[in-house]
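Subject: Structure for you to look through

Hello,

Here is the structure we talked about, with the sequence alongside. Please open both before reading the notes that follow.

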Amino acid sequence: MDAKTIIDSLVNKFQDSLVDAKVDSDIRVSAYLEPEKIVEVCQYMKDELLFDHLSSETAVDYPKRNEIVVVYHIGSYDHSVLMTIKVKLPRDAPEIESIVPVYWNANWYERETYELFGVKFNNHPNLKPLVLPDELMGDWPLRKDYEGFPNRTARNLV
Amino acid sequence: MDETVGPSEMIVHLGPQHPMQPGPFRLNLKLKGETVVDGDIELGFIHKGIEKILENKTYLQGIPIVDRICYLTAMTNEEAYVGAVEKLADIEVPEKSQYIRVIVEELSRLQSHLLGMGEFGEFIGFVSMFMYTIKEREDILSLMDMVTGARITHTFLRFGGVRDDLPEGFKEKSAAVFASLREQIADYEKLFNHDEIYKLRCFGVGILDSKTARDLGVSGPALRATGVPFDIRKDEPYLVYKDLDFKVCTATDGDIAARINVRLEEMLEAMYIIEQCLDQMPSGPIFFEDSLYGVRTPVMRVPEGDVFHRVEDPRGEMGFYMVSDGSDKPYRVKIRGPVYPTMQALPPLIKGTTIADVAAIAGSMDGCTSEADR
């Protein structure tokens with residue numbers, strides 16, 4: 001399955017919600033997506049296009065544009081194309097549906113994105129902090145306007 | 001995990017400090033008698049905030065930082081980081097440097113597998129195994145020391161090349177080390193596969209079938225032991241791997257013994273790769289002469305953009321997602337380590353086994369908490 005076929009199939013199926021879908025190279029495709037469609041698109045990719053491996057899920061903070069972009073890297077065990085899906089969320093109340101029902105290992109990635117960026121994943125089975133101590137909850141340390149680096153660390157909290 | 005306990009059930013906390021653990025994490029187990037009913041993992045005891053640190057360092061300063069994600073896989077971490085920057089800034093690497101990189105990365109795979117296997121031996125009560133493997137690992141580390149000047153955290157790769165050429169006498173020294181290691185690997189196989197206790201503890205225990213492994217997102221030797229030939233070196237060749245002849249080692253059983261056998265085979269493959277590299281390596285410079293980059297790269301600005309670059313770590317798929325805003329520091333770096341999903345898969349894997357098998361199963365997955373926490 002090559003990059004062009006994949007992007008054509010996705011654009012055909014979800015033409016209203018996919019923006020800027022493009023082939024970056026033989027093994028990389030990327031697109032922006034409307035937040036409501038994320039579970040549906042992931043399910044379609046997993047069932048029809050053999051994307052059965054969630055490689056990573058994270059977020060990037062853009063305070064100037066007032067948005068947080070959630071980035072999904074979805075690959076496959078059967079072909080070497082890797083899809084990058086970006087979803088723009090408003091920075092003051094970022095919320096998106098969890099993809100744990102589709103990709104089981106999204107669980108920890110979403111917990112980490114939640115504690116570091118404050119992105120809330122709806123219907124996540126266990127949305128609690130993973131690597132941070134409870135005292136740092138609500139600080140969202142990986143956001144660009146976080147002022148505690150490097151002094152407000154776990155050591156200084158206890 | 002549901003914290004309520006039923007009749008004859010109890011909760012046992014393994015960790016954060018426990019001899020069977022490759023770093024501090026807490027494994028909460030709910031037991032009914034000796035059977036594991038449920039389990040979950042708590043992380044964060046060694047969280048270093050490396051992603052945040054990298055945002056505050058220039059690109060060159062980031063290289064020693066990524067070494068510290070996990071000292072066993074320092075070279076492959078560097079390759080993923082440096083490779084991502086090279087893709088973003090469109091920097092070419094001379095073929096000679098690419099061969100040197102493959103050599104040190106395969107050496108790193110050798111020493112990681114050796115330590116992983118020694119630790120695993122220790123977990124199943126086979127402590128002398130650790131003594132055997134650590135001795136061979138020391139020879140491999142001396143080889144890496146010869147090339148990079150450091151035993152574990154090397155800071156050896158540079159954008160567009162490597163820090164140093166291979167030293168004189170490296171080929172002869174490595175031939176001697178590999179000859180002894182090959183003999184040792186044959187011995188390890190004998191030690192493992194002819195030991196009755198090992199057979200009872202490791203064959204047919206902790207079975208991960210290929211469908212579950214795919215669903216859980218596992219990669220690396222643990223996945224290949226289930227029969228899925230997923231290897232970034234083949235699927236998404238970086239450096240000169242496409243010119244090298246090597247096979248992806250797989251097994252079919254998916255149990256503890258299969259994972260160990262895959263690692264043993266991979267060590268033989270790694271030595272074969274290094275020997276090919278030493279034979280095929282062209283002569284030439286380690287940096288292009290008209291290149292802006294060198295051992296001491298000046299402050300560099302990387303064009304705007306984002307890239308996801310992945311390499312095959314000794315433990316699986318290592319990926320760096322890097323966003324640049326055109327300045328001299330990365331805007332955002334996401335480190336996708338192979339151990340993270342593998343550790344996540346541990347609780348479902350140990351469900352239904354006995355508590356005595358937990359250490360064996362966890363050891364055979366070859367985890368590293370430092371990398372999972374970052």
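How many bridges join β2(B) to strand β3 of chain B? There are seven, and β2(B) and β3(B), residues 35-42, run antiparallel. Before going further, please keep in mind that this is a predicted model.

**Chain B as a whole**

Chain B contains 15 helices and eight strands. Along the principal axes, the C-alpha atoms of chain B fill a box of roughly 75 × 45 × 30 Å. A compact globule with 374 residues would have a radius of gyration near 21 Å, and the value for chain B is 21 Å, so the two agree.

**Helix α4 of chain B and its neighbours**

Two packed helices are described by the angle between their axes and the distance between the axes. Helix α4(B), residues 95-123, can be described in this way against two other helices of chain B, α11(B) and α14(B).

Take α11(B), residues 256-280, to begin with. The axes of α4(B) and α11(B) come within 9 Å and cross at roughly 155°. Angles over 145 degrees count as roughly antiparallel, and α4(B) and α11(B) are therefore roughly antiparallel to each other. The crossing of α4(B) past α11(B) is left-handed. On the α4(B) side, the residues that make the contact include B:Tyr99, B:Leu107, B:His113 and B:Phe120. On the α11(B) side, B:Ile260, B:Met267, B:Ala270 and B:Cys277 are among them. Sorted by class, this contact has 13 nonpolar, two polar and four charged residues.

The other neighbour is α14(B), residues 355-364. The axes of α4(B) and α14(B) also come within 9 Å, and they cross at roughly 180°. That makes α4(B) roughly antiparallel to α14(B). From α4(B), the contact is made by B:Glu119, B:Phe120 and B:Phe123; from α14(B), by B:Ala359, B:Ala360, B:Gly363 and B:Ser364. These residues divide into four nonpolar, two polar and one charged.

**The sheet of β6, β7 and β8 in chain B**

Strands of a sheet pair through backbone hydrogen bonds, either parallel or antiparallel. Three strands of chain B form an open sheet in the order β6-β7-β8, with antiparallel pairing. Which strands are at the edges of this sheet? They are β6(B), residues 305-313, and β8(B), each of which pairs on one side only. Direction ignored, neighbouring strands of the sheet are turned by 10° against each other on average.

β6(B) and β7(B) are joined antiparallel over nine bridges. B:Asp306 has B:Val323 in β7(B) as its bridge partner. Across β6(B) and β7(B) lies helix α3(B), residues 74-89, which runs at about 150° to β6(B).

**The sheet in chain A**

Chain A has an open sheet of five strands in the order β1-β2-β5-β4-β3, and its pairing is mixed. Its edge strands are β1(A), residues 18-25, and β3(A), residues 53-62. From one strand to the next, the twist averages 15°. β3(A) pairs with β4(A), residues 67-75, in the antiparallel sense over nine bridges, and A:Thr58 stands opposite A:Val71 in β4(A).

Helices lie across this sheet in two places. α1(A), residues 3-13, lies across β1(A) and β2(A) and runs at about 175° to β1(A). α3(A), residues 106-117, lies across β3(A) and β4(A) and runs at about 10° to β3(A).

**Where the chains meet**

In chain B, 26 residues are in contact with 26 residues of chain A. Elements that give two or more residues to this side of chain B are α1, α8, β7, β8 and α12. β7(B) gives the most, with four residues. By class, this side of chain B has nine nonpolar, six polar and 11 charged residues.

Regards

Methods
Residues are numbered from 1 along each chain as its sequence is written. Chains are lettered from A and ligands numbered from 1 in the order in which they are written. This is a predicted model: local features need pLDDT of at least 70, side-chain atom pairs count only at pLDDT 80 or more; totals for chains, interfaces and linings use all residues. Two residues are in contact if their C-beta atoms, placed from the backbone, lie within 7 Å. Ala, Val, Leu, Ile, Met, Phe, Trp, Tyr, Cys and Pro count as nonpolar, Asp, Glu, Lys and Arg as charged, and the others, Gly among them, as polar. Axes are lines fitted to C-alpha atoms, for helices over the stretch in contact, and angles run from 0 to 180 degrees between N-to-C directions. Angles under 35 degrees count as roughly parallel, over 145 as roughly antiparallel, 65 to 115 as roughly perpendicular and the rest as oblique. A crossing is left-handed if the near helix is turned anticlockwise from the far one by less than a right angle, and right-handed if clockwise. Two strands pair if DSSP finds at least two bridges between them. The radius of gyration is taken over C-alpha atoms; the globule rule is 2.2 Å times the number of residues to the power 0.38.
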